[in-house]
Structure formats: structure tokens, C-alpha cells
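Here is a short report on one protein chain. Look at the fold before you read on.

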Amino acid sequence: MKKTTHVENNQTLLSSVPRSLRVVYCYCKRALENGRKLSIALDHEVFQDDYELNLHLEDISALYHLEPISGNCVVVYIW
């Protein structure tokens, strides 16, 4: 049986998740609460256009809980 730790909003942190991913999730949960977002400026050399990418807690939560991720997560990984 997998060990879990309970957190706010009825979500659990699985003990089987790599520590680095757990740290990223916990940091983002704290930093992006109350609808805040993480803005990443992508310049012209990356995707041939300048634009700002916004990540929300929901994007990071999906990654952590091994659910389908948003296109924003894919772009950040590529960048």
C-alpha cells in the first residue's frame, strides 16, 4: 500500500513520487495559491515570436498527479 500525506483541498502527496517532483509541487502550491500565476517570457529566438507563457497551479498539479498535462507544461519543458 502506498503511503500518502494529506494536504489542503483533499489532495494527497504520494510517497512513490520522486522527491524532486514533490519539492516542485510543494513550492508551486505555496507560490501559486489564490489564483497567482508564474509568467515566463519567451523571446523571439525560442519559437520565432515573443510571448508570455502563464503557468497556474492546475498545470503543476496535473503533472504531479500524473494526469494529462497542459500545452503550457510541454512548452516550458521544450524551452
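## Overall layout

The protein chain holds four helices and four strands. Helices (H or I, at least four residues) and strands (E, at least two) are DSSP runs, numbered from the N terminus. Read from the N terminus, the order of elements is β-β-α-β-α-β-α-α.

This is a predicted model, in which local features need pLDDT of at least 70, side-chain atom pairs count only at pLDDT 80 or more, and totals for chains, interfaces and linings use all residues. Residues are numbered from 1 along each chain as its sequence is written, and side-chain values use heavy atoms, with hydrogens and water left out.

Of the 79 residues in the protein chain, 24% are buried. Here buried means under 20% relative accessible area, exposed means over 50%, and partly exposed lies in between (1.4 Å probe, protein chains only). Contact means heavy atoms within 4.5 Å. Among contacts with a separation of 6 or more, 31% join residues 24 or more positions apart.

## Two packed helices

Two packed helices are described by the angle between their axes and the distance between the axes. Helix H1 covers residues 19-31, and helix H3 covers residues 57-64. They pack at an angle of about 155°, and their axes are 10 Å apart. The axes are lines fitted to C-alpha atoms, for helices over the stretch in contact, and angles run from 0 to 180 degrees between N-to-C directions. H1 and H3 are therefore roughly antiparallel to each other. Angles under 35 degrees count as roughly parallel, over 145 as roughly antiparallel, 65 to 115 as roughly perpendicular and the rest as oblique.

The crossing of H1 and H3 is left-handed. That word applies if the near helix is turned anticlockwise from the far one by less than a right angle; clockwise gives right-handed.

Which residues make the contact? H1 supplies Leu21, Arg22, Tyr25, Cys28 and Lys29. H3 supplies Leu57, Ile60, Ser61, Leu63 and Tyr64. By class, the contact of H1 with H3 has seven nonpolar, one polar and two charged residues. Ala, Val, Leu, Ile, Met, Phe, Trp, Tyr, Cys and Pro count as nonpolar, Asp, Glu, Lys and Arg as charged, and the others, Gly among them, as polar.

H3 is mostly covered, with six of its eight residues buried. These are Leu57, Asp59, Ile60, Ser61, Ala62 and Tyr64.

## The core

A nonpolar core is a set of buried Ala, Val, Leu, Ile, Met, Phe, Trp, Tyr and Cys residues joined through side-chain atoms within 4.5 Å. The largest one has 13 residues. Cys28, Ile40, Leu42, Leu53, Leu55 and Ile60 have the most contacts inside it. H1, S3, strand S4 (51-55), H3 and H4 each give two or more residues to this core. H3 gives the most, with three residues.

Isoleucine 60 sits in H3. Is isoleucine 60 buried or exposed? Its relative accessibility is 10%, so isoleucine 60 counts as buried. Beyond its neighbours within four places in sequence, isoleucine 60 is in contact with Tyr25, Cys28 and Leu55.

Glutamate 52 belongs to strand S4. Not counting residues up to four places away in sequence, glutamate 52 touches Ser39, Ile40 and Ala41. The table gives C-alpha separations for some residue pairs.

| Pair | Apart along the chain | C-alpha to C-alpha |
|---|---|---|
| Leucine 66 and valine 17 | 49 residues | 9.6 Å |
| Isoleucine 60 and cysteine 26 | 34 residues | 9.7 Å |
| Glutamate 52 and serine 39 | 13 residues | 6.4 Å |

## Positive phi in two loops

Most residues other than glycine have a negative phi, and most peptide bonds are trans. Asparagine 34 has a positive phi, near 60°. Asparagine 34 is found in the loop between H1 and strand S3 (38-42). With a relative accessible area of 73%, asparagine 34 is exposed.

Leucine 66 is not a glycine, yet its phi is positive, about 55°. Leucine 66 lies in the loop between H3 and helix H4 (71-78). Leucine 66 counts as exposed, at 73% relative accessibility.
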